[in-house]
Amino acid sequence: MELKKSYKGFLLWMLVFVVTMLGGALLPIQSGAILTRIVMNVCVLNLVLLAFIIYKTEYVYWYNGTEYNQVVEAGSERRKEFAKKHLKRFGIFALLYLVYSVVAQLIRIPYGVDIAVATVGMVITAISTIKFKL
């Protein structure tokens, strides 16, 4: 696969991220807890979408710590494997957060906790990918 340096897809993803986050926040749902849980899940799923886009396009230089020249030299197989590790890690977190948010709704955990769990979880997930080397 011929790799061309481009951030158009990333900018498009950012637009999708903003639109889906606003769309989620504007849902006509009266419960702040349910609305918060939906919006936080949309946020987490958007990160999975970004990881999937990177996996399919091999634009792993979108990840912090990777340079375009390094990515080109790595070759397609290594780029795919590197991207797959990120996708898997964020996908697992998204699934765990979805399960958590359903349980949290059922046992009425305050939705502020959901925000903290999602935020800390996303940061920990991102930090956990630092060890992945191209």
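Q: In which helix is V99 found?

A: This is a predicted model. In it, V99 is found in helix α4, which covers residues 76-106. V99 also belongs to a nonpolar patch on the surface.

Q: Which residues form that nonpolar patch, and how much accessible area do they have together?

A: The patch is formed by L95, L98, V99, V102, V103, L106 and I107. Together these residues have about 670 Å² of accessible area.

Q: How many helices and strands are there in the chain?

A: The chain has five helices and zero strands. Read from the N terminus on, its elements therefore follow the order α-α-α-α-α. The C-alpha trace spans about 50 × 25 × 20 Å along its principal axes.

Q: How should I read the packing of two helices, and at what angle do the axes of α4 and α5 cross?

A: One reads the angle between the N-to-C directions of the two axes, and an angle over 145 degrees counts as roughly antiparallel. The axes of α4 and helix α5 (residues 111-128) cross at roughly 165 degrees and come within 10 Å. That angle makes α4 roughly antiparallel to α5. Their crossing is right-handed. On the α4 side, the contact is made by R89, F90, F93, Y97, Y100, S101 and A104. On the α5 side, the residues in contact include V113, D114, V117, A118 and G121.

Q: How do α1 and α2 cross, and which residues make the contact?

A: The axes of helix α1 (residues 8-25) and α2 come within 9 Å, crossing at roughly 165 degrees. The two helices are therefore roughly antiparallel to each other, and α1 passes α2 in a right-handed crossing. From α1, the contact involves F10, W13, V16, F17, T20, M21, G24 and A25. From α2, the residues include L35, V39, V42, C43 and N46.

Q: At what angle do α2 and α4 pack?

A: These helices, α2 and α4, pack at an angle of about 170 degrees, and their axes are 8 Å apart. This makes α2 roughly antiparallel to α4. Here α2 passes α4 in a left-handed crossing.

Q: How should I read a salt bridge, and which side chain meets that of R37 in one?

A: Side chains of opposite charge can pair when their charged atoms come close. The side chains of R37 and D114 meet in a salt bridge, at 2.5 Å from N to O. R37 lies in helix α2 (residues 32-57) and D114 in helix α5, so the pair ties together parts that are 77 residues apart in sequence. D114 is also one of the α5 residues in contact with α4. The count of salt bridges comes to two.

Methods: Residues numbered from 1 in each chain as written. Predicted model: local features only at pLDDT ≥ 70, side-chain atom pairs only at ≥ 80, totals over all residues. Heavy atoms only, no water. Patch = residues over 30% accessible without salt bridge, like charges linked within 9 Å, V, L, I, M, F, W, Y side chains within 5 Å. Areas by Shrake-Rupley, 256 points an atom, 1.4 Å probe, with all protein chains shown as cover. Salt bridge = Lys/Arg side-chain N within 4 Å of Asp/Glu carboxyl O. Helix = DSSP H or I, 4+ residues; strand = E, 2+ residues; numbered from the N terminus. Axes fitted to C-alpha atoms, helices over the stretch in contact; angles between N-to-C directions. Parallel < 35°, antiparallel > 145°, perpendicular 65-115°, else oblique. Left-handed = near helix turned anticlockwise from the far one by under 90°. Contact = heavy atoms within 4.5 Å.
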